2 protein chains.
Amino acid sequence: MARQSKDLKQRAPSHDRTKADQPPGGGGETRASRPDQDGRQRVVIEGVKPEIDGGRFPIKRVVGETVVVEADLFADGHDALSGVLLYRHDSSREWQETRFQFVTNDRWRASFPLNRIGVYHYAIRAWIDRFGSWQRDMKKRVAADQVSSIDLLVGARLLDESASRAQGTDADRLRRVAEQLRKEPRPSAEQLAAALGEEIGRLMAIYADRRFATTYGKELSVTVDRERARFSAWYELFPRSCAPEPGRHGTFTDCESRLPYIADMGFDVLYLPPIHPIGRTFRKGKNNDPNGGPDSVGSPWAIGSHEGGHKAIHPELGTIEDFRRLIRKAGDYGLEVALDLAFQCSPDHPYVKDHPEWFKKRPDGTIQYAENPPKKYQDIYPIDFETEQWETLWAELKRVVVYWVEQGVRIFRVDNPHTKAFCFWEWLIGEVKRDHPDVLFLSEAFTRPKVMYRLAKLGFTQSYTYFAWRTSKAELTEYLTELTRTEVREYFRPNFWPNTPDILTEQLQHGGRATFMSRLVLAATLGASYGIYGPAYELCEHRAIRPGSEEYLDSEKYEIRHWPIDRPDSLREFIGLVNRARRGNPALQCDDSLHFHRVDNEYLIVYSKHTEDRSNVILVVVNLSPHHVHAGWIDLDLDVLGLKPDQPFQVHDLLTNAYYLWAGSRNYVVVDPQSAPAQVFAVRSRLRTEQDFDYYL
Amino acid sequence: MARQSKDLKQRAPSHDRTKADQPPGGGGETRASRPDQDGRQRVVIEGVKPEIDGGRFPIKRVVGETVVVEADLFADGHDALSGVLLYRHDSSREWQETRFQFVTNDRWRASFPLNRIGVYHYAIRAWIDRFGSWQRDMKKRVAADQVSSIDLLVGARLLDESASRAQGTDADRLRRVAEQLRKEPRPSAEQLAAALGEEIGRLMAIYADRRFATTYGKELSVTVDRERARFSAWYELFPRSCAPEPGRHGTFTDCESRLPYIADMGFDVLYLPPIHPIGRTFRKGKNNDPNGGPDSVGSPWAIGSHEGGHKAIHPELGTIEDFRRLIRKAGDYGLEVALDLAFQCSPDHPYVKDHPEWFKKRPDGTIQYAENPPKKYQDIYPIDFETEQWETLWAELKRVVVYWVEQGVRIFRVDNPHTKAFCFWEWLIGEVKRDHPDVLFLSEAFTRPKVMYRLAKLGFTQSYTYFAWRTSKAELTEYLTELTRTEVREYFRPNFWPNTPDILTEQLQHGGRATFMSRLVLAATLGASYGIYGPAYELCEHRAIRPGSEEYLDSEKYEIRHWPIDRPDSLREFIGLVNRARRGNPALQCDDSLHFHRVDNEYLIVYSKHTEDRSNVILVVVNLSPHHVHAGWIDLDLDVLGLKPDQPFQVHDLLTNAYYLWAGSRNYVVVDPQSAPAQVFAVRSRLRTEQDFDYYL
């Protein structure tokens, strides 16, 4: 029965990790009838949460948060029981412990704080609480006036046993209470009350008999990141388009001049597409022309030339010193530079000559280029993760990451991780974060949901999402509910991008400026982390290469663009307002509290976020229709907002600075996309002054 | 990160089984940077169902059923993949395999048949299907007229590789196709089509390169029982009340005479309360009188006297030969005898003298009797499962079960299993079923839900339920949905009892004969397994010992009763009708298909069960109000019943033999509790004859 399956489990101890050559164990062994555990371990531990895939993967948190753990703890019979949550930072050998508190229906809860980044481990242990059972039963006997001296002696025996495990004053105290219970003819009512009291209960818990405690069979872990893992505003920029004068190839120095502009908008991550030498063979021309020729600048993702590979810098951008200076200067503006990890090679990459064994060879001896039949991408050689030399390959790719970490990079955006072996990512991220736990990885996997979730479980800090294509109220509500209300939230941190250099959605192509505004507000307030590809975004660039395509016309992926960033219709001011609202309101810095409120208009979407103590509550109303004014009655869930039914409260639109006085759950809103397609309200249940109240009544 | 948690998992391989003295592993080990698996294992296997608590427990099935297994199988990139479900009976070393079929969204499905009782194991393996990928891509190239000779050579190479793993004609066939692909200047269109065809695909699948296959890290198992585990009708009877004349202590021989009566009602399990010698010390008198005295017959659950213990027979019932004859005779009537396993002792039990170490001693040296303060049960000594001699205790209790198995008993009803150590039950049931896989155990644990479910996971074949106290439509619907629509159904087989010697519900006390009828129909049609305690049930015994109590007045637990089983108002005929409906309709022999249909009257409950092919469909309508006629419009889910919206169909009440012609989802019913509080319709979508149709139109 189960015992047999357990034996087999031991043969194959972890998920999908069994050696390929080893068949599942054969049957027919002689089975011993000896029990395989101590029969006195009576407590069961099950239903542990959070626990991802049976403990195969860690959950994710950021420093300063707590981990709340729940478990079913129960035993046969009617004995009381005790449980502790054990936890330790990976760097410590010492377990700390905190007691589980009973919730209801055999459910218990405990929590522990995360004071450092890195990895924490947690485990659960529970045992029969003999003294707790004795206290409980004795209280019933006292109430029924049925206390016998034998019952008292039972308690005294337990006290003595614990005393023998205790020392000093604790031991003395326990022995004294035991003596009192043995007093002839009877202990006094006060002495009995003391033996049945909480103080002795707590003391006895410390020195409980844990010989037959059950330890949960799995140790679980938490990856603890710095706060930016949870709360970040990304700005993607092509450095080569940063020259102030049209036509010139931009440099890192030009990027430096752009830093105040980006910082003013309130971003904190500056993400650069690959900065490495660009291959010349099959170099792409403007608008993805396969015959680009020598004059074209090529795609930054066609990495590697005789000038170097993944550890080199494209000479036209500058030098490694320039890059390091850019990182420093960005830091002065509160911006971190994120690099792109695109593990693929142009035919000119040094790896191709030095490590041909890392690429797949065709029968004619040539290297297999990227292909999605019938499409061919002859400027890209994918790396063959099935190479026999995979170990040297993995080691080299790790060296690439460590090299950039050593230059000061702490955030990586990983290009198409879903086309490289999953186990490689788990290993790589584990290796890098072991030595540099402050490094963050963003997964750019626009693929099937289970693959995206798997990558997050394997260790990616944040992940791109389907947000760009979730446009209706129903789509947004359903998707965000999946991300924030299911187990997914324990390991998958969404990062919402309304556009990327690869994604100019149909909605942005046709929705006009109001859509650029509303999509920005949605991304920035639904997601604690979001990003835009600029200056295309703030300049409302909406021209696609052709109808039905999501590719930009004259895409920066294949040419240098000169962006008129000072154009008066730029959204830079608006974006700055939104990012300031994010920075000033902790409610917007976490996704867990997201809650959708009903509104009787399908073009309006209404949701709130709040801090745990509800000292900060944000309510967002977005008009999803770019061309029409929409109005509706909102039906607020007042409990969620921390409001009482009859309580007037102020809502303050952080984008327009307008104030309104509301009361109760039903409130009316009008949203005109031509002025502002969204309202981001701070909800204040305590009006600041009497005047506020009088004025808005 | 995850790698570290894996290391720890290996230290503590299974749930709640870690040695008590061994603290969770300490941290701070030197961590190798070498990958701990072959980097070429690219396929992920996750989301496997069914799988109970991460594979810790087996699922349950009966022989003849199939196990349908689903899993998420996916890899990085765009390669095709293949997976197999491996399975074997525990007695076989050879794994059989069947291919997974793609369902949708990375979900795959496969199934295997259960031809024997005992334990089956199943495992999953999946790998990149290079030839499948090649065929898929080649078809696209053919469509785009882009086939190059190099593409053909890639396929030829794969064919040759597989040929080297194959033998005989298969190897020849693969090599021949490879040669054709290498043909200059080109293979013919037919030859290419053959290489891209299904036949070669199937052949290549057999000889696929599985070197880098992923094997799911857990082997899962299935406990396969005989059919009675799923479908059974129990009748509980006190043998000592079976004498035909009042006042005499009944014997096994008297029980034999009662067999035709029980068999006529259609039961298949005859369950006897403990048949062992009854203790004399503190023997209970009538109506649980603590001062019963020597004349009282005592409670059969106060087991053990100088005449013997759990392996002996109460002399007044007869001899072991009489008991064996009863088992044989019962078999002749299609009845199996189920024994009660009540692991507790009277103070007179031989264990008390021979094995005082198996009991808890109080400080004064006396043995601790059962207690639930302030109540004392001095006639019962609980066994101390925390004894240091637990191993000898377990061995002896196993000998008790094996002894009765050797006498021919194959079903045990286990008294209060939740007050004995969980690990004991897992071990005991595993041990017994290893040698006697046809033995069934019914868990009598009326306790908290998680404890009841845990016992089922540990191996109990069937379980008592809360059915007796689920009386309203909402309660029944919610409870049955939990039992039949959640993971619970994989391991918890409910057995519904409207009464037991301990449970005379308030509803039965006051509801009259109609309630006895409706509760019987509910138990017998909601549950493929159910039981009654008779003749109290068929004689509608409803007198409680006092208001507010569920104890019978003059309970058979403490005295001999003489039951007038031939009383004309007995429900024996009605019960016979219901059991014949169960036997004649496979839909009622399984719980998985249970479906509730809407009806616009809260006193009516309507549900259906059907066989998988819908050749047998049963629709049940029960009036939950014993005193009033209720009528209502049913809104049938026709899809569930296998009916088309415009299709007339016949419903045939198996209890009254009435026929009705219905059509569509809306149908009207009237249920008069005074004639029959329930209708059990066979639903026939093909009317038997033209006459049927004409007559009922």
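Predicted model: local features only at pLDDT ≥ 70, side-chain atom pairs only at ≥ 80, totals over all residues.

Visitor: What joins S29(B) to strand S26 of chain B, and how do they run?
Guide: Strand S26, residues 630–635 of chain B, is joined to S29(B) by 6 bridges, and the two run antiparallel. Within this pairing, Ala631(B) stands opposite Val670(B) of S29(B).

Visitor: What's the strand order in the open sheet?
Guide: The open sheet in chain B has 8 strands in the order S28-S27-S30-S25-S24-S23-S26-S29, with antiparallel pairing. Strand S28 (659–663) and strand S29 (666–671) of chain B each have a single partner strand because they stand at the edges, so one side of each is left without a neighbour in the sheet. On average, neighbouring strands of this sheet are turned by 35° against each other, if direction is ignored.

Visitor: Which helices pack on the sheet?
Guide: One of them is helix H13 of chain B, residues 473–485, which touches S23 and S24 of chain B and has a direction at about 155° to that of S23(B). Helix H14 of chain B, residues 506–526, packs on the sheet as well, touching S23, S24, strand S25 (617–623) and strand S30 (678–684) of chain B, and its direction makes about 30° with that of S24(B).

Visitor: How many bridges join S23 and S24 of chain B?
Guide: Strand S23 (residues 595–599) and strand S24 (residues 604–610) of chain B run antiparallel and are joined by 3 bridges. In that pairing, His595(B) has Ser608(B) in S24(B) as its bridge partner.

Visitor: Switching to chain A, what does UniProt list for residues 232–582?
Guide: An unreviewed UniProt entry lists residues 232–582 of chain A as "domain: Glycosyl hydrolase family 13 catalytic".

Visitor: Where does UniProt place the feature "binding site"?
Guide: The unreviewed entry in UniProt places that feature at Lys284(A), Gln344(A), Asp379(A), Asn416(A), Lys557(A) and Tyr558(A).

Visitor: Take Gln344(A): buried or exposed?
Guide: Gln344(A) counts as buried, because its relative accessibility is 13%. Gln344(A) lies in strand S14 of chain A, residues 344–345. If neighbours within four places in sequence are left aside, the contacts of Gln344(A) are Trp301(A), Ile303(A), His310(A), Ile380(A), Tyr381(A), Ile383(A) and Asp415(A).

Visitor: What about aromatics, how many aromatic pairs are there over all chains?
Guide: Over all chains, the structure holds 82 aromatic pairs. One aromatic cluster is formed by Phe343(A), Phe385(A), Trp390(A), Trp394(A), Phe424(A), Trp425(A), Trp427(A) and Phe460(A).

Visitor: And which charged ends sit over a ring?
Guide: Among them is the charged end of Arg258(A), which sits over the ring of Tyr261(A) at 5.9 Å from its centre. In chain B, the charged end of Arg561(B) sits over the ring of Trp563(B), 4.3 Å from its centre.

Visitor: Now the backbone: where is a cis peptide bond?
Guide: One joins Lys49(A) and Pro50(A), with omega about 0°, and Pro50(A) is found in the loop between strand S1 (43–49) and strand S2 (59–62) of chain A. Another is the peptide bond from Gly534(B) to Pro535(B), where omega is near -10°; Pro535(B) is in the loop between strand S22 (529–533) and helix H15 (572–584) of chain B.

Visitor: Last one: which residue other than glycine has a positive phi?
Guide: Phe282(A) is one of them, with a phi of about 55°, and Phe282(A) lies in the loop between strand S12 (269–271) and helix H8 (320–332) of chain A. Phe282(A) counts as partly exposed, because its relative accessibility is 45%. Asp554(A) also has a positive phi, near 50°, and its place is in the loop between strand S22 (529–533) and helix H15 (572–584) of chain A. With 24% relative accessibility, Asp554(A) counts as partly exposed.

Methods: Residues numbered from 1 in each chain as written. Chains lettered and ligands numbered in written order. Heavy atoms only, no water. Pairing = 2+ DSSP bridges. Helix = DSSP H or I, 4+ residues; strand = E, 2+ residues; numbered from the N terminus. Axes fitted to C-alpha atoms, helices over the stretch in contact; angles between N-to-C directions. Contact = heavy atoms within 4.5 Å. UniProt positions renumbered as here; feature names shortened; annotations may be inferred. Phe/Tyr/Trp six-rings, centres within 6.5 Å; stacked < 30°, edge-to-face > 60°. Lys NZ or Arg CZ within 6 Å of the ring centre and 35° of its normal. Buried < 20%, exposed > 50% of the residue type's maximum accessible area, 1.4 Å probe, protein only.
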